[in-house]
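Please examine the structure shown below.

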Amino acid sequence: MQRLNPSETLGAPASAGQSSGKQAGKPAGKAAGKPANSGRSGNPAKRNGAEAHGRSGPATAGDWISGARLRTLPLAIAPVALGTGAAIVASDPGVFHPVRALLALIVALCLQIGVNYANDYSDGIRGTDAYRVGPARLTGGGAARPRSVLTVALAFFGLAAFAGLVLVILSGQWWLLLVGAAAIVAAWFYTGGKRPYGYFGLGELFVFVFFGLVATAGTTFVQVGTVNLESWLGGVAIGLIACAVLMVNNLRDIVPDKASGKRTLAVLIGNLPGRIVFCVLLLVPFAIAAFFALFYPLAWFVLFVLLLALPACLITVTAKTAAELILALKLTSFSALLYGLLLGAAFAF
C-alpha cells in the first residue's frame, strides 16, 4: 500500500516506496483521480480482496484505541459543556440535571467514536486510505477485518441510541427520536454509502449542524425544555471550531484526497483559501466569547484559549509538511475543549 510520508513537503508527490510500474499517487491499473472501488456500497461480503489487503497481523488494543481517534473527542465534550451551562442559565436557581447532562455526554461521545470507526471502515474498503497521510487505519492498513470495524462502529451507534432513548424518556420529548436518528444517519453517510457527502465538500456543513447546533442546543433542551440565546450562539461558536478541526485535517490530506477522488471542501477551494478559511472558522468564535463577556464576566477567560488558537492559525498558514498540520489539528482540538468548558463554566457560575 502506497502512503505519503507526513514529513514530506505538502503538495509534493510521494516518491518513496513506489514499486516499478506505478505512478506517484496512482495505483497500477487505476485511473488517476479516481478512487479504487469508488461508487460501491462498502459491503464486505462483496469486497473479497479488501480483507486480505495489507494485513500484517491482528489489531492490538492500541490499534483499536488509535482507531477511536481520541483527539476528536473534545468535539463531543465541548458542546455538551456549553449546552449544560446554557441550561443552568435558563433553569430555576439551584436546579441542575446531572443525569441528563451525563446521558447527553454519552450520546455525543458514542456518536463521535462511532463515526470515527465508520469512517475507518468506509474509507478503508473504498481504497481511499491507500493514499492517506499518517498512521495506518484499522481497515486500510489491514490490521482488522472490515466486518470487525463495522461491527464496532455499529456498537457505538447502538450505545448512543440507547443513551438517547433514555434521555428522551426522561425529558418526555419523543420527537427527539427523529433528531437522534438523523444524527446517526448523518454520521454513517459522512463517508459511508454509495454517495457519501464527505466526498462532495459537505463535511463542514454537517459538522457545524450536528456537532455545533444540534449537540449544544439539544443538550440544553433535554435539560430545561427550551433553548436560549446562550445555547444557540454557543452552538454556532463550537460548531465553527469543529469545522476548523475538519478543515485542517483535510488540508493535511489535500494531496492524497485529490489522488483518491475525495473532494473535500479543502480540495474544492484550494490550499491557500482553505488555510484562510481555517483561520476565520477558528477565530470568529472568540468574537462571540467577547460578546458574552459583556454579560458573563468569567467569559473573558475564554480569550486565553487564543494562546492555543493563534499558534494553530500561524502553523496552518505557514505549514510546509503534513506533520505541522497535525500539530495544528491537535491545538485546534484542545482549543475546542477549553472553549466549551470555560464558556460553559462562565454561564453556570
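Which side chain meets that of Arg252 in a salt bridge? In this predicted model, the partner is Asp253, with an N to O distance of 2.9 Å. Both Arg252 and Asp253 are buried. Side chains of opposite charge can pair when their charged atoms come close.

The structure contains two salt bridges. Another pairing joins the side chains of Asp123 and Lys262, at 3.6 Å from N to O. This pair connects distant parts of the chain, 139 residues apart: Asp123 belongs to helix 4 (residues 98-126), whereas Lys262 lies in the loop between helix 9 (254-260) and helix 10 (265-269). Asp123 has a relative accessibility of 8% and therefore counts as buried. Lys262 is also buried, its relative accessible area being 7%.

Helix 8 comprises residues 229-252. Because 20 of its 24 residues are buried, helix 8 is largely enclosed by the rest of the structure. At 1.5 Å a residue, helix 8 should span 34 Å, and this agrees with the 35 Å between its end C-alpha atoms.

The backbone at Arg69 also deserves attention. Most residues other than glycine have a negative phi. Arg69, however, has a positive phi, near 55 degrees. Arg69 is located in the loop between helix 2 (61-67) and helix 3 (74-90). With 17% relative accessibility, under the 20% limit, Arg69 counts as buried.

Finally, consider the largest nonpolar core, which has 84 residues. The members that touch the most others are Phe278, Leu282, Tyr339 and Leu343. Beyond its neighbours within four places in sequence, Leu343 is in contact with Leu82, Phe292, Ala299 and Val302.

Key. Residues numbered from 1 in each chain as written. Predicted model: local features only at pLDDT ≥ 70, side-chain atom pairs only at ≥ 80, totals over all residues. Heavy atoms only, no water. Core = buried A, V, L, I, M, F, W, Y, C linked by side-chain atoms within 4.5 Å. Buried < 20%, exposed > 50% of the residue type's maximum accessible area, 1.4 Å probe, protein only. Contact = heavy atoms within 4.5 Å. Helix = DSSP H or I, 4+ residues; strand = E, 2+ residues; numbered from the N terminus. Expected span 1.5 Å × (residues − 1). Salt bridge = Lys/Arg side-chain N within 4 Å of Asp/Glu carboxyl O.
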